Amino acid sequence: MLTLLFDGIAYGMLLFVLAVGLAVTLGLMNFVNLAHGAFAMAGGYVTVLLMDRAGVPFLATLPLAFLLPALVGAVAERLLYRPMYKRPHLDHVLFSIGLVFMTVAAVDWLVGSQQQIVKLPQWLQGRFEIADVGIGKYRLFIIVVCLLLTLMLQWVLGRTRFGSRLRAAVDDPRVAAGLGINVNQVFSITFAVGSGLAGLGGALGAEVLGLDPSFPLKFMIYFLIVVSVGGTTTITGPLLAALLLGIADVMGKYYVPQLGAFVVYLLMVVILFWRPQGLFGRGATR
Amino acid sequence: MHKRTTLRALAAATMTLGLGLAAQTASAADTGPIKIGLVLPMTGQQASTGRQIDAAVKLYMAQNNPVIGGRKVEVIVKDDASTPDQTRRLAQELVVNDKVVALAGFGITPSAMATAPIATQSKTPMVVMAAATSAITEASPYVVRTSFTLPQAAVAIAEWANKNGIKKVVSLVSDYGPGIDAEKYFADRITLNSGQVVDKLRTPLRAPDFAPVLQKVRDASPQALFVFLPSGQGAAFMKQFAERGLDKAGIRLIGTGDITDDDQLNDMGDVALGVVTSHHYAANHKSAVNQKFVEAFKKANNGMRPNFMAVGGYDGMRVIVEGLKASKGVGGDALLAGMKGQIFESPRGPVLIDAQTRDIVHDMYVRKVEKVGGELHNVEFDAIKAMKDPGKSK
């Protein structure tokens with residue numbers, strides 16, 4: 001029972017890191033970025049390819065799995081996304097889903113479509129037991145990394161100068177610009193960080209979720225559920241939503257396997273009926 | 001008046017067009033190449049299947065350069081991305097536009113099932129090189145299979161488990177046609193020999209995480225866990241199996257050969273060591289024919305190791321070409337007759353295409369993953385000779 005809870009928490013944390021970047025772009029920047037999973041996949045491939053082809057140790061690949069997608073995100077934001085900000089949401093959707101299909105095809109062509117296998121270092125394999133609760137070492141590692149990230153994000157958004165600039169830029173870009181905030185730059189950085197977080201999530205998740213070119217399509221639904229259930233105005237919303245979904249998914253598959261993966265959708269429907277704006281949404285924004 | 005002239009013109013046009021077409025096909029039939037349509041998943045989830053079969057077919061063609069009655073044999077490859085409606089559409093195009101004498105390939109069961117009516121209607125033989133649900137050969141009298149069936153593999157491993165004192169098992173399969181076949185035939189054979197399946201678990205085809213089912217297995221603490229997963233998921237599964245400490249809890253992992261697919265086995269690492277599976281082919285199979293096949297395959301494909309899909313494609317091509325030789329290049333029923341009852345030495349061992357069921361009869365090997373010369377291999381140690389598909393006897 002507790003072992004399952006632990007597995008669920010680890011799974012939820014993973015979903016959170018994967019989705020939090022989307023919460024930032026979707027919620028704070030008001031841009032529907034369905035291509036978010038593509039950045040996650042990029043991170044996964046950075047890790048796998050560096051380990052496989054260049055023999056870089058697993059931990060050392062993680063910063064790169066953040067940096068490279070962040071870099072790509074920054075460039076893409078400047079060249080592709082910025083002209084789309086003012087367009088209606090349907091355009092965002094069409095544009096970003098197009099990007100997804102392009103990346104799927106590109107990765108297929110470049111690395112091939114086989115499942116990629118991450119070779120974890122010895123010390124992250126296996127598990128130990130504390131009072132009958134089986135704890136997988138790698139899952140514990142995921143939880144620790146994700147907790148650190150959450151704290152850091154919360155601090156950056158809530159307590160730093162950059163955080164307040166970002167919130168200002170989101171709420172009213174014109175006034176923020178008038179106050180001397182470089183709105184474009186703030187958005188660029190935010191988008192890059194969101195993409196980087198996705199990349200890190202992809203790198204951490206490749207072991208648990210598997211990694212092949214259809215990754216962005218396979219997990220897009222999970223990201224969207226996390227963000228819609230959690231609401232997009234805070235960091236804690238998606239965090240709790242991701243945990244709830246992770247636990248529900250694992251528990252559901254254990255206790256009611258007939259329902260399979262459907263538990264997650266059921267939960268989403270119930271929550272959105274009860275609170276259409278998400279668990280921690282602040283009602284319709286503008 | 002005006003109407004009548006239009007009609008007449010139309011009639012004339014159709015006549016000439018029809019005649020022209022007839023003349024063209026007649027002349028093409030005499031001198032042009034004999035075409036075979038190969039529909040494979042070259043992209044998407046099952047792409048490794050397509051890649052292996054495509055490579056094997058190319059190898060066969062390069063080695064044999066078949067010329068039948070002065071006409072070359074040509075293979076047209078189409079990608080269906082394992083989407084059944086696409087498979088069907090492509091097969092239809094191949095039959096109608098390209099006038100292929102045979103259809104081949106078919107990565108997954110739904111694709112093969114969707115195409116079977118086309119084979120029946122157009123009397124085009126259809127050689128299934130990968131999909132492994134037992135019922136496929138019954139979907140059309142024109143289906144011939146050169147891969148294997150899951151009941152064959154599941155029954156073979158169940159026999160082995162019985163012989164080795166494994167009585168209490170849990171089964172875990174992917175929730176689709178082949179998985180349900182594997183679950184049923186494994187359970188039937190285990191219980192027939194006074195064994196017991198304490199829990200039958202199914203996991204969605206696109207399973208993101210095996211944690212809950214594996215925890216369930218651990219809690220049931222059987223002597224062994226029987227697994228069927230489509231090739232590709234095996235590696236992720238095996239790592240989680242070890243991570244959860246199921247191997248240390250004394251639960252043996254057994255399954256059909258899909259989980260220790262040669263295509264991925266070497267990348268799985270030491271977690272795969274000691275896993276016992278049953279299958280019709282291993283790249284490590286000890287025979288002169290196989291040794292030659294593996295060497296040629298690796299040489300032509302940048303060191304890639306052939307897996308059971310490759311051998312299904314290689315043998316399938318052979319069955320078609322030999323069938324064409326027997327029918328002197330004529331397709332349809334003549335070709336089908338030429339394919340039925342073929343007996344030959346495949347890289348997997350002796351093989352027979354059963355004339356009644358059009359399904360393959362071959363040896364089922366029991367293998368164990370071991371280190372051979374620094375690489376992980378399925379090493380065969382036991383075999384059930386000339387096994388027919390158990391799904392057909394009912």
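# A guided tour of chains A and B

Chain A contains eleven helices and two strands. The model is a predicted one. With chain A selected, follow the elements along the sequence: their order is α-α-α-α-β-β-α-α-α-α-α-α-α. The radius of gyration of chain A is 19 Å, close to the 19 Å that the globule rule gives for 286 residues, so chain A is as compact as a globular protein of that length.

**Chain A as a whole**

Among contacts in chain A with a separation of 6 or more, 74% are between residues 24 or more positions apart.

Next, display the surface of chain A. Its accessible area is about 12800 Å², and carbon and sulfur atoms account for 70% of that. Then colour the charged side chains: chain A has 19 positive and 12 negative ones, and the centres of these two sets lie 11 Å apart.

**Helix H10 of chain A**

Select residues 236-255 of chain A, which form helix H10. How many of the residues of H10(A) are buried? The count is 15 of the 20, so the helix is largely enclosed by the rest of the structure.

**B:Leu40**

Move to chain B and select B:Leu40, in strand S1 (residues 34-40). Is B:Leu40 buried or exposed? Its relative accessible area is 0%, which lies under the 20% limit, so B:Leu40 counts as buried.

Now show the surroundings of B:Leu40. Leaving aside residues up to four places away in sequence, B:Leu40 touches several residues, including B:Gly50, B:Ile53, B:Lys78, B:Asp80, B:Ala81 and B:Phe106. The C-alpha atoms of B:Leu40 and B:Asp80 are separated by 5.9 Å, although the two residues are 40 apart along the chain.

**Two loop residues with positive phi**

From B:Leu40, step to B:Ala81, one of the residues it touches. B:Ala81 belongs to the loop between strand S3 (71-79) and helix H3 (84-96) of chain B. It is not a glycine, yet its phi is positive, at about 50°. B:Ala81 is partly exposed, with a relative accessible area of 26%.

Finally, select B:Asn65, located in the loop that joins helix H2 (47-64) to strand S2 (67-68) of chain B. The phi of B:Asn65 is near 45°, a positive value in a residue other than glycine. B:Asn65 is exposed, and its relative accessible area is 55%.

Key
Residues are numbered from 1 along each chain as its sequence is written. Chains are lettered from A and ligands numbered from 1 in the order in which they are written. This is a predicted model: local features need pLDDT of at least 70, side-chain atom pairs count only at pLDDT 80 or more; totals for chains, interfaces and linings use all residues. Side-chain values use heavy atoms; hydrogens and water are left out. Helices (H or I, at least four residues) and strands (E, at least two) are DSSP runs, numbered from the N terminus. The radius of gyration is taken over C-alpha atoms; the globule rule is 2.2 Å times the number of residues to the power 0.38. Contact means heavy atoms within 4.5 Å. Accessible areas come from the Shrake-Rupley method with a 1.4 Å probe; for residues, only the protein chains shown count as cover. Lys and Arg count as positive and Asp and Glu as negative; His and the chain ends are not counted. The place of a charge is taken as NZ of Lys, CZ of Arg, CG of Asp or CD of Glu. The expected span of a helix is 1.5 Å times one less than its number of residues. Buried means under 20% relative accessible area, exposed over 50%, partly exposed in between (1.4 Å probe, protein chains only).
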